[in-house]
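Trainee: I am new to this structure and would like to learn how to read it. Could you show it to me and take me through a few of its features?

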Amino acid sequence: MSFYIASSPHAHQRRTTQHIMLWVLLALIPGLAAQCYFFGWGPLLQITVAVTVALITEAVILIVREKPLRATLGDFSAVVTAVLLAISIPPLAPWWVIVIGTLFSIGIVKHVYGGIGQNVFNPAMAGYVLLLISFPVQMTSWMPPSTLATFELNFIDSLWLFFTQYTSEGYSLEQVRLIELTQSLDAIVMATPLDEIKTQLSQGYTLTEIKRSDVFSGIAGTGWLWVNLGYLVGGLLLLYKRIIQWHIPVALLASLAFFAALGSLFAADQLPGVSLHLLSGGAMLAAFFIATDPVSAATSNRGKLVYAALIGMLIYIIRTWGGYPDAIAFAVLLANMCVPVIDYYTRPRAYGHGGKAL
């Protein structure tokens, strides 16, 4: 019997980047299906344009940098970035919004730093923040859930709205977004439940009065509960397949829940509770698909817990006292900045060091 001596590592994980990215895309399907069911064709239109622009942008940059095309385009990392950005923005925002965001995410945030594995910030969230700061009106123009919508949009109407901001019959996006309410408030132009709560609280309504509106039927806002549950199912699939580890999702959601419970304990009628924070907005998407980006997140297990808990705390602080209703992108980017410090203070002790000499 021959004995071969080989250098470390001796344990291998037979997963390519392509394999991991395909599993991520598969896990996004339940949440995306819920988004399309409640908010129409918009997410699919956004994804189609975003993926096309991402692949073209990456191909051009690779050609300029004289890098191999097939291997990089085939790892689907650009596709995942494009999809995450597309499902994070309002479903029928103008087509040029997603084009600009995708160009920035791929061309600047990813490739200026050297490409996959080198980016400091999460590309999708950096693109989202650029769009939110540059185009606040377009980035807060959310469609109403199908169960509350005044206008029923088919695919053709969605296509017209996406490219022209008008339906085939001439209705503008603002008209389509208007909801006639039967309780509490006369009418609103649809936003996310978190945004609506922040707006109505600033106008003197209490949380109890706001929740009487049709928009807040259920425990987290019409439609948004099922969207978040869809991404929760997809996230659990990633955990089951060991594509991601539990540290970041659990720490992020636990941190957000802790601060939400603490806030509602002291101001129950002014600050949303745990269910609204966890099941409205993009909490589940952030916990399982965004914060878990292996490049821009902390590396050690202890570091991941600190990193994710920081994101959860920042989400709550910005949602509660900041100017933006859903603070996930800002929280993730701020935590990305802290990763070098987190890694420095949480790095595991090297084997054989730190013990007493014999």
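Predicted model: local features only at pLDDT ≥ 70, side-chain atom pairs only at ≥ 80, totals over all residues.

Trainee: How many helices and strands does the protein chain have?

Mentor: Helices (H or I, at least four residues) and strands (E, at least two) are DSSP runs, numbered from the N terminus. The protein chain has 17 helices and 2 strands.

Trainee: What share of the residues is buried?

Mentor: Buried means under 20% relative accessible area, exposed over 50%, and partly exposed in between, with a 1.4 Å probe and protein chains only. Of the 358 residues in the protein chain, 51% are buried. Contacts (heavy atoms within 4.5 Å) give another view: among those between residues at least 6 apart in sequence, 73% join residues at least 24 apart.

Trainee: How do I read the length of a helix such as H12?

Mentor: The expected span is 1.5 Å times one less than the number of residues. Helix H12 (residues 224-240) has 17 residues and reaches 24 Å from its first C-alpha to its last, close to the 24 Å expected. Helix H3 (residues 42-64), with 23 residues, reaches 33 Å, close to its expected 33 Å.

Trainee: What do the buried residues of H12 pack against?

Mentor: An α-helix has 3.6 residues a turn, so residues three or four places apart point the same way. The buried residues of H12 include Trp224, Asn228, Tyr231, Gly235 and Leu238. The buried residues of H12 pack against H1, helix H2 (29-39), helix H10 (193-202), helix H14 (274-279) and H15.

Trainee: Which residues have the most contacts inside the largest nonpolar core?

Mentor: In soluble globular proteins, nonpolar side chains tend to be buried together. A nonpolar core is a set of buried Ala, Val, Leu, Ile, Met, Phe, Trp, Tyr and Cys residues joined through side-chain atoms within 4.5 Å. The largest one here has 92 residues, and those with the most contacts inside it are Phe289 and Tyr307. Helix H17 (residues 328-346) gives the largest share of this core, 9 residues. Not counting residues up to four places away in sequence, phenylalanine 289 touches several residues, among them Val24, Leu84, Tyr231 and Met284.

Trainee: How much space lies in the largest pocket?

Mentor: On a 1 Å grid over the protein atoms alone, a pocket is an open set of points where a 1.4 Å probe fits, with protein on both sides within 12 Å along at least five of seven lines; lining residues have an atom within 4 Å of a point. About 740 Å³ of space lies in the largest pocket. Of its 33 lining residues, the closest to the centre are Ile20, Met21, Thr292, Asp293 and Pro294. Helix H1 (17-27), helix H5 (77-86), helix H7 (123-134) and helix H15 (283-290) each give two or more residues to the lining.

Trainee: Why does threonine 57 count as buried?

Mentor: Threonine 57 counts as buried because its relative accessible area is 11%. This residue of helix H3 is in contact with Leu103, Ile106 and Gly107, leaving aside neighbours within four places in sequence. A polar atom of the threonine 57 side chain lies 2.7 Å from the backbone oxygen of valine 53.

Trainee: Where is threonine 320, and what does its side chain reach?

Mentor: Threonine 320 is in helix H16 (residues 301-321), and its side chain reaches the backbone oxygen of tyrosine 316 at 2.7 Å. With 18% relative accessibility, threonine 320 counts as buried. Leaving aside neighbours within four places in sequence, threonine 320 is in contact with Lys198 and Leu271.

Trainee: Is glutamate 66 buried or exposed?

Mentor: Glutamate 66 counts as exposed, at 72% relative accessibility. Glutamate 66 is in the loop between H3 and helix H4 (69-73), and has a positive phi of about 55° although it is not a glycine. Arginine 242, which follows H12, also has a positive phi, near 60°.

How values were computed. Residues numbered from 1 in each chain as written. Heavy atoms only, no water. Polar contact = N/O pair within 3.5 Å; in protein donor to acceptor, adjacent residues only side chain to side chain. Points joined across faces, edges and corners; volume = space filled by probe spheres on them.
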